[in-house]
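Q: I have a new model open and would like to go through it with you. Can we take it piece by piece?

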Amino acid sequence: MEGWRLPPARRFSRTVSSQCRRPGSPKRASLLILAAAIPVMLFANAARGVLEAAQRFDLVNYIKVPTRVLFYLAAAIGVPLSLSVSTIVALSVAVRAVSAIVYASMCFRVFPGLRTGMQLSRREIPALFSFGGWVMVSNLIGPVVAYLER
């Protein structure tokens, strides 16, 4: 019972590390698939944000609705077919990867200038890191504040 006095993050960390030590574990495979999917998800969210900044919510919804349906449909079909958890997770990640590609193609359609070679000057790097830092801080503080309000 002593473990329940630990902070929730540490409890979660211990639980995940104890459950995922076996090399053939489906939990381990699922976690590795999800870890590999993080860049894909970030790219999809960034591309969706570009479309939303252009106020092309019609295109966003044309992509988002089928993606959400397929995301849940992959799990709903996978369970009756007795697919493993890691296979269902991989199918869900594949759905997100396809949506990221579709978001990117819509970005190129809305902003044709994205197809040309872009260059990053050294003067812009500090501003990008500063903005990225504020985005990170706001994304970290939001869930903490929501948790504290409970």
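Q: Is Ser82 buried or exposed?
A: This is a predicted model. In it, Ser82 has 66% relative accessibility, so Ser82 counts as exposed.

Q: Where does Ser82 lie?
A: Ser82 is in the loop between H3 and H4.

Q: What about the phi of Ser82?
A: The phi of Ser82 is positive, about 60°, although Ser82 is not a glycine. Most residues other than glycine have a negative phi.

Q: And which loop holds Gln55?
A: Gln55 sits in the loop between H2 and H3. Gln55 is not a glycine, yet it has a positive phi of about 60°.

Q: Gln55, buried or exposed?
A: Exposed: the relative accessibility of Gln55 is 62%.

Q: Stepping back, how many helices and strands does the chain have?
A: The chain has five helices and zero strands. Read from the N terminus on, the order of elements is α-α-α-α-α.

Q: How much of the chain is buried?
A: Of the 150 residues in the chain, 17% are buried.

Q: What share of the contacts with a separation of 6 or more is between residues 24 or more positions apart?
A: Such residues account for 61% of those contacts.

Q: Back to H2 and H3. At what angle do they pack?
A: Two packed helices are described by the angle between their axes and the distance between the axes. For H2 and H3 the angle is about 145°, and the axes are 8 Å apart.

Q: Which residues meet there?
A: From H2 come Arg48, Leu51 and Glu52, and from H3 come Phe57, Leu59, Val60, Ile63 and Lys64. By class, this contact of H2 with H3 has five nonpolar residues, three charged and no polar ones.

Q: New topic: the largest pocket. What lines it?
A: The lining consists of Met41, Ala44, Asn45, Arg48, Lys64, Thr67, Arg68, Arg96, Ser99 and Tyr103. Helix H2 (26-53), helix H3 (57-78) and helix H4 (85-110) are the elements that give two or more residues to this lining.

Q: Which of them gives the most?
A: H2 does, with four residues.

Q: How do the lining residues divide by class?
A: Four are charged, three are polar and three are nonpolar.

Q: And how much space lies in the largest pocket?
A: About 160 Å³.

Q: How many aromatic pairs are there in the whole structure?
A: A search of the whole structure finds one aromatic pair. It consists of Phe71 and Tyr72, with ring centres 5.4 Å apart and planes at 85°.

Q: Why is that pair called edge-to-face?
A: Planes over 60 degrees apart count as edge-to-face, and the planes of Phe71 and Tyr72 are at 85°, so the pair falls in that class.

Q: How does Phe71 count by relative accessibility?
A: Phe71 is at 23%, so it counts as partly exposed.

Q: And Tyr72, buried or exposed?
A: Tyr72 counts as exposed, because its relative accessibility is 57%.

Q: One last residue. Where is Ser92?
A: Ser92 is in helix H4.

Q: Why does Ser92 count as buried?
A: Buried means under 20% relative accessible area, and Ser92 is at 10%, so it counts as buried.

Q: What is Ser92 in contact with, leaving aside its neighbours within four places in sequence?
A: Ser92 is in contact with Phe71 and Ala74. That is the Phe71 whose ring pairs with the ring of Tyr72.

Key: Residues numbered from 1 in each chain as written. Predicted model: local features only at pLDDT ≥ 70, side-chain atom pairs only at ≥ 80, totals over all residues. Heavy atoms only, no water. 1 Å grid on protein atoms, 1.4 Å probe; cavity = no way out; pocket = protein on both sides within 12 Å on 5 of 7 lines; lining within 4 Å. Points joined across faces, edges and corners; volume = space filled by probe spheres on them. Nonpolar A, V, L, I, M, F, W, Y, C, P; charged D, E, K, R; others polar. Axes fitted to C-alpha atoms, helices over the stretch in contact; angles between N-to-C directions. Contact = heavy atoms within 4.5 Å. Buried < 20%, exposed > 50% of the residue type's maximum accessible area, 1.4 Å probe, protein only. Phe/Tyr/Trp six-rings, centres within 6.5 Å; stacked < 30°, edge-to-face > 60°.
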